[in-house]
Amino acid sequence: MEIIIMENAAEIGEAAGKLFVKAIQKKPDIVLGLATGASPVPTYQYISAACQKGEVSLRDVRTYNLDEYVGLPRNDKNSYYTFMHEQLFNHTDIQEQNVHFLDGNATDVEAECRSYDDQLDKAHIDIQLLGIGRNGHIGFNEPSICFTKGAFKVKLTESTIDANSKYFDENPMPHYALTMGIGSIMKAKKIVMIATGSAKADAMAAMIKGEVTPVCPASILQFHPNVVVYLDKAAAKLL
Ligand code: PGA
């Protein structure tokens, strides 16, 4: 695991953004696993700006997002589909048919999850971007008694609801989501994690220094051969 401690979120956004831009320039049809939340926003701003300046094109890039809320209309302002379009896709030349999400409104959840797993297996993600929950979740793989393999419907924990409900000013936050499984995340060729702020310090310490346990799902990344972790000083304070 390569651990890179930087001053603040803006610096991390630039460094991680450069990593993605270079990777896309090198492999224009790269397959990216993407994350939502506050952590990747500066990175998405960097990639968007590079695309606007003509330094990189996302025309042939394919993306697979980690997770989606259950029961929100796709175009709801709080859906991760909307988030990704507002934060990244709308500012680039990516083709809509190349962006993929779990369908949080699927009537047959099991079929939807198996179909996403099949797509991921065929696509073989080159770089997976991750944030981390205060409780050590990756995607929406919450602390559990075992590591998950494929995509599934998850009941969100109080910690996650507490962290994310601030974004839901009109309607209550959904308590369920569909998420990529840990097994699929681990199959990515490279993983880039971003963690900023002191609320992530415990999770960072558990992930990097703790035992590998599904109680801290991110700890499994200790077994991945190619992980880069960008964190700011506040998130690194217990390392
Ligand atoms: P955040 O969420 O980037 O908004 O802190 C990260 C996560 O919950 O995985």
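This is a predicted model: local features need pLDDT of at least 70, side-chain atom pairs count only at pLDDT 80 or more; totals for chains, interfaces and linings use all residues.
Let me begin with helix H1, residues 9-26, and helix H2, residues 41-52, whose axes come within 7 Å and cross at roughly 50°. H1 and H2 are therefore oblique to each other, and their crossing is right-handed. On the H1 side the contact is made by Ala9, Ile12, Gly13, Glu14, Ala16, Gly17, Lys18, Phe20 and Val21, while H2 contributes Pro42, Thr43, Tyr46, Ile47 and Ala50. Sorted by class, this contact of H1 with H2 holds nine nonpolar, three polar and two charged residues.

H2 also packs against helix H3, residues 80-87, at an angle of about 45° and with the axes 9 Å apart, which makes H2 oblique to H3. Here Val41, Tyr44 and Ser48 in H2 meet Phe83, Met84 and Gln87 in H3. How many nonpolar, polar and charged residues does the contact of H2 with H3 have? There are four nonpolar and two polar residues, and no charged ones.

I turn now to the ligand, which has around it Gly37, Ala38, Ser39, Gly131, Ile132, Gly133, His137 and Lys200. For serine 39, a polar side-chain atom lies 2.5 Å from an oxygen atom of the ligand, and for lysine 200 a polar side-chain atom likewise lies 2.5 Å from a ligand oxygen atom. Histidine 137 has a polar side-chain atom placed 2.7 Å from an oxygen atom of the ligand.

How values were computed. Residues are numbered from 1 along each chain as its sequence is written. Side-chain values use heavy atoms; hydrogens and water are left out. Axes are lines fitted to C-alpha atoms, for helices over the stretch in contact, and angles run from 0 to 180 degrees between N-to-C directions. Helices (H or I, at least four residues) and strands (E, at least two) are DSSP runs, numbered from the N terminus. Angles under 35 degrees count as roughly parallel, over 145 as roughly antiparallel, 65 to 115 as roughly perpendicular and the rest as oblique. A crossing is left-handed if the near helix is turned anticlockwise from the far one by less than a right angle, and right-handed if clockwise. Contact means heavy atoms within 4.5 Å. Ala, Val, Leu, Ile, Met, Phe, Trp, Tyr, Cys and Pro count as nonpolar, Asp, Glu, Lys and Arg as charged, and the others, Gly among them, as polar. A residue is near a molecule or strand if one of its heavy atoms lies within 4 Å of it. A polar contact is a pair of N or O atoms within 3.5 Å; within protein, one must be able to donate a hydrogen and the other to accept it, and residues adjacent in sequence count only if both atoms are side-chain atoms.
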